[in-house]
Amino acid sequence: MMMVDNQNGASAAAQIVVPELPASFRNRIRGMGGSNVVLVIQKKLTQSDTGSQYDRFSMPEGQIMNDFLEAEEEELLVDRNQPIHKVRLIHPCVSKVTNVTLRKGHMNNASTYNLSGTWRGTWHKQVVGDSENALQDGTMVQLYAFRR
């Protein structure tokens, strides 16, 4: 999971209590050769995150808490409007890892980053629909990013 620094970042972070990244995730990230872990977003899941018809996890740009993209990735997503494929997602149950796609979209004068499955239905089936992950509307989640 990752954080993005924006103009509202400092005031938003001051108002939100974020729990420490659990040791099980820290250990899994280290085991994958990961480092530089940053919180991207903390939010309650909504129907658009859990519903099979949407098949994505949305991260409104205004809620991003820290920078998480490298310059080349930002260029792909923003300047070229191209997705980033094969982003590794550690499931909430920690025992599974799935490849997902990161996209940036624009709607109603707002930008949103979206994580989605590598093909239609993957996000919902492999992540939300997995009972080990216990994800449903209203579940508070944190998304962190790390580098390998």
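Author: Glu132 and Lys96 form a salt bridge, with their closest N and O atoms 3.0 Å apart. A salt bridge here is a side-chain nitrogen of Lys or Arg within 4 Å of a carboxyl oxygen of Asp or Glu. This pair links distant parts of the chain, 36 residues apart: Glu132 lies in the loop between α5 (122-128) and β6, and Lys96 in the loop between β3 (84-90) and β4 (97-107). Helices (H or I, at least four residues) and strands (E, at least two) are DSSP runs, numbered from the N terminus. Glu132 is partly exposed at 47% relative accessibility, and Lys96 is partly exposed at 30%.

The model is predicted, so local features need pLDDT of at least 70 and side-chain atom pairs count only at pLDDT 80 or more, while totals for chains, interfaces and linings use all residues. Residues are numbered from 1 along each chain as its sequence is written, and side-chain values use heavy atoms, with hydrogens and water left out.

The structure holds 9 salt bridges. One of them joins Arg147 to Glu73, with the closest N and O atoms 2.7 Å apart. Here too distant parts of the chain are linked, since Arg147 is in strand β6 (residues 140-147) and Glu73 in helix α4 (residues 71-79), 74 residues apart. Arg147 is partly exposed, at 25% relative accessible area, whereas Glu73 counts as buried at 19%.

Note on methods:
Buried means under 20% relative accessible area, exposed over 50%, partly exposed in between (1.4 Å probe, protein chains only).
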